[in-house]
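Please read it with the coordinates open.

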Amino acid sequence: MENEFEKYLHKNRARFEEGSPSPRVWEKLQRNLTEQHARRQRIIRIRRISLGIAAGVLLCIGAMLLLFKNNSRLSRNAITQNTMRRDSTIESQKLLAEKIELDSTERIAGITDNKTRQSLYSYAKRIETRQKQLAVLQQLNPDLYARSQKVLMDLNMGYNQLQKQLPGSLDQQKVLKALIQNLKMQELILNNQLQLLEELQIPDNASDGKKDKKI
Amino acid sequence: MEKRIRKYSLIILTCLLLLPVLLRADDLLQKAQKTVVKKIAVAKNMQLNISNQYGGIVIQRWKRTSAMIQVTITGRSVKLSRANTLIRFVTIKTSKIPGAVSLETVIDTLAQHINPSSGEQCLISYTVFVPAGLKLAVTNRFGNIQVKSFEGELAIDEKFGDLKIERASGPIRIDAEQGSADIDRIHGGSLRFKGFTQVRIGELSGAVDARFWSGGSVDLGLSNDLQKLSINADNVKPLNITNLKLANADLKIHSTVSKIIYNGRIMLTLEKTLNVTLKKPLKIDTVFVMGKSDTTKKIAEKLLNLKKISITAMKSVDYTLKTGSATTGIKIDVSFCVVNVKD
């Protein structure tokens, strides 16, 4: 059973084998093939460019993600550091306050005479108050604070030496008098320092008055 | 019952009668005294060293060529025997090396146990008579030093006692701590005062290097015989310097957190704002403005209100004060001080 197309092929076979397409047909075919090839090349190029752009965008996104991640880690670190710094400041202030209070207790250790104990304790407490007032300078200007403490540390050393001398002293009244005098001097120095700082401070007009620190 | 009341009344009456006697127990302390006299032949350029504790030292020049030291040891206690024991704890040790003789108060700290509540005490006082031209080094702890008159090189090391120098010629070296000093005149030397209540030097002459650390007031009078003066003051309030005109000196002050007052006016450094106002920059770097001259007011109990402290108030400031044809230089380095300079 042959269909009509096959019948046609059998019938005209000779004509097909002998003849060839006209040069116009070949030319048209050639042109079509070239155009198709060029189109395919263009598509491939566009695809490559698109893929490149996509890869670039992906790289950018990746880099941005990395940067963002690092930044957040850095800011997290900064926050942690700030918190740590604040904690350490609070801690150091706490330690300073504790040290000052401890100094007051240590100052009367080993002194049996009640009257002298009272005097020493009263001076020690006043020194404690002044030291706490001055402690704000530690935050504002640590170098200056250290400088202000130098003479007081020196006097404290003298006080400790006197305290050690007391038990074996030939005239304890004289040593006790020297101890009181030492604390009196420390209080005087702290008073002078606070007064000078208050007198010499120049209020900054640009700064907000709300930022003032009361101590 | 009546008998019992009588008995108790008698006891109470006796107690009441004895009370004033008991309260005045201090006055009933027995006194024991011992005097030690040392005579020392003084050779040329010889140095005499004296070291004492718990008592005063009085120095006086005399016309003889030798030196004499009289030491009085006084013991006080309720019992005379105890007072005698106290003075036995103290000995005066003399040692000699070529060119120097030393006298030292030695206390047997192991043997003595003084009960402070009993009022017991021991006092060791020196009276030193010296010829002119002697080198004298005096050390004292818990006692005063008084120099009535002295001619020669003098070195004083004093702790926990006051110092008074009435008449002394020759260079002086002073190292004093916790006490006050009253000196009429110093002609050259080095001075170190620490933790003092008050230092007064009536007249400074020659070349003087002075350091005042942590104390109350310092009063220094300059003289026309002043050659050089260098002062380092830390935490002194106030440091008063008078007779600047008489000394005919240029003054250079380096200050940190300090207030400088000249003839009752606060000295300020030239700031930008002042340059604008004055149009022409001044030749000298100081300007005077009227200000508070009262530096003695107390801080009382008010709270310090530290506003944002300006950096200019905290950093070091230099002042120069030219007095014309000055030949003398005064250098002052101060921190945490109030300096008061007067012509």
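1. Contacts first. Two residues are in contact if their C-beta atoms, placed from the backbone, lie within 7 Å. In chain A, take the contacts between residues at least 6 apart in sequence: 64% of them join residues at least 24 apart. For chain B, residues 24 or more positions apart account for 53% of the contacts with a separation of 6 or more.

2. Basis of the note. This is a predicted model, in which local features need pLDDT of at least 70 and side-chain atom pairs count only at pLDDT 80 or more, while totals for chains, interfaces and linings use all residues. Residues are numbered from 1 along each chain as its sequence is written, and chains are lettered from A and ligands numbered from 1 in the order in which they are written.

3. Confidence. The model scores ipTM 0.71 and pTM 0.68. pLDDT is the predictor's confidence in each residue, from 0 to 100. Chain A averages 77, with 73% of the residues at 70 or above. Its residues 204–215 fall below 50, and this stretch has 15 contacts beyond near neighbours in sequence. Chain B has a mean pLDDT of 80, and 76% of its residues reach 70 or more.

4. Confidence in chain B is lowest in helix α4 (residues 272–278), at a mean of 31. It is highest in strand β9 (residues 145–147) of chain B, at 96.

5. Secondary structure. Helices (H or I, at least four residues) and strands (E, at least two) are DSSP runs, numbered from the N terminus. Chain A has seven helices and one strand. The order from the N terminus is α-α-α-α-α-α-α-β. Chain B has five helices and 26 strands.

6. Burial. A residue is buried if 20 or more other C-beta atoms lie within 10 Å of its own, exposed if 12 or fewer, and partly exposed in between; the C-beta atoms are placed from the backbone. Of the 215 residues in chain A, 18% are buried. In chain B the share is 35% of 343 residues.

7. Helix α6 of chain A. This helix (residues 142–165) has 24 residues. From first C-alpha to last it reaches 34 Å, close to the 34 Å expected at 1.5 Å a residue; the expected span is 1.5 Å times one less than the number of residues. α6(A) has a kink of about 30°, centred on A:K150. The bend at a residue is the angle between axes fitted to the seven residues ending there and the seven starting there. Buried residues in α6(A) include A:L144, A:V151, A:L155 and A:L162.

8. The core. A nonpolar core is a set of buried Ala, Val, Leu, Ile, Met, Phe, Trp, Tyr and Cys residues joined through C-beta atoms within 7 Å. The largest one has 104 residues, and B:L239 and B:V339 have the most contacts inside it. Helix α7 (residues 172–200) of chain A gives the most to this core, with 11 residues. Beyond four places in sequence, the contacts of B:L239 include B:F212, B:A233 and B:V338.

9. B:V338. This residue lies in strand β26 (residues 338–341) of chain B. B:V338 counts as buried because it has 22 C-beta neighbours inside 10 Å. B:A233 is 105 residues away along the chain, with 9.8 Å between the two C-alpha atoms.

10. B:F160. Which residues does B:F160 touch, not counting those up to four places away in sequence? They are A:K174, A:A178, B:R141, B:F142, B:Q178 and B:G179. B:F160 sits in the loop between β11 (154–159) and β12 (163–165) of chain B. It is buried because 26 other C-beta atoms lie within 10 Å.

11. Strand pairing in chain B. Two strands pair if DSSP finds at least two bridges between them. Strand β2 (residues 47–53) runs parallel to β6 (residues 100–107), with five bridges. β2(B) also pairs in the parallel sense with β8 (residues 135–141), over seven bridges. B:L48 has B:V101 as its bridge partner in β6(B) and stands opposite B:L136 in β8(B).

12. Antiparallel pairs. Strands β1 (residues 30–40) and β4 (residues 67–77) of chain B are antiparallel, joined by 11 bridges. B:K34 has B:I73 as its bridge partner in β4(B). Nine bridges join β4(B) to the antiparallel strand β7 (residues 121–130) of chain B, where B:F129 stands opposite B:M68.
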